[in-house]
Amino acid sequence: MLVSATEMLKKAKAGHYAVGQFNINNLEWTKSILLTAQELNSPVILGVSEGAGKYMGGYHAVVGMVNGLLQDLNITVPVALHLDHGSFEGCYKCIEAGFSSIMFDGSHYAIDENVAKTTELVKAAHDKGLSIEAEVGSIGGEEDGVVGMGECADPDECKAIADLGIDFLAAGIGNIHGKYPENWKGLSFETLDAVQQKTGEMPLVLHGGTGIPADMIKKAISLGVAKINVNTECQLAFAAATRKYVEEGKDLQGKGFDPRKLLAPGAEAIKATVKEKMELFGSVGQA
């Protein structure tokens, strides 16, 4: 059964570890993440971007797939299904489809409009028992065609959004989506510390978890980060394993391509990546 992310993230912040959000793109990814979470007794958040939701057939299809896997694989650890960087309209679609958590990315709006839209969505989500994440300060890189420059959030704006009743907050601290460039300056822990001082016990979220050095990850967790998003690293691992399989000619089965064999190495690579991240984040054994 899907759960909201609220309690798992409150527990994570209090326990000084982080829950991993791993974005899903197909059945193999979803199955691999769930099996790894169950094996490690770790709570987990399945992230779905609007683009990935469309690719997988729509939000109802995603909910049906995830709920079916939870039942048939006998998954007993806490699992949240979360809309990642959702639009205002996309949030409502996911609430209706049966997601257990949403993120409204209003960071590109003026703060007054971000506040107004977030306020409306907080009520809509909480009326249905969903958790809701909001964002202040654009996250760098590209996410479904939306490009951010990696701004650092204004701590006072973070407090204004946090006070609306959201459950967890993504604050830009110089992090980016995708691979980090060689000239990346690193995370702004000064900003993160200031945001935590303003928002108190609210769990904070670190987007762009791929490529951030382990020591920075651990320091971010010590400063209130309770949810870390990982997508690019899973994509790279899946692609590399699949490419190797094809290049070695192992996908030729006499009767053509067998997708179950073709995608199996990528699925195993996802498991290894998720395990590595859960161990780094400290969520192993915390379900």
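I looked up Ser 188 first. Ser 188 is buried, with a relative accessible area of 19%; buried means under 20% relative accessible area, exposed over 50% and partly exposed in between, with a 1.4 Å probe and protein chains only. I found Ser 188 in the loop between β8 (168-171) and α8 (189-199). Ser 188 touches Cys 152 and Ile 173, leaving out residues up to four places away in sequence; contact means heavy atoms within 4.5 Å.

I noted the basis of the entries. The model is predicted, local features need pLDDT of at least 70, side-chain atom pairs count only at pLDDT 80 or more, and totals for chains, interfaces and linings use all residues. Residues are numbered from 1 along each chain as its sequence is written, and side-chain values use heavy atoms, with hydrogens and water left out.

I then turned to Ser 32, which is found in helix α2. Helices (H or I, at least four residues) and strands (E, at least two) are DSSP runs, numbered from the N terminus. Ser 32 is buried, with a relative accessible area of 2%. Ser 32 touches Ala 267, Ile 270 and Lys 271, again not counting residues up to four places away in sequence.

Last, I checked α4. Tyr 59, Val 62, Val 63, Val 66, Leu 69 and Leu 70 are buried there. Seen down the axis of α4, the buried residues fall within an arc of 135 degrees, so they line one face of the helix; the arc is that of the directions from the helix axis to the C-beta atoms. On the other side of α4, His 60, Gln 71 and Asp 72 are exposed. Just after α4, I noted that Asn 74 takes a positive phi of about 55 degrees.
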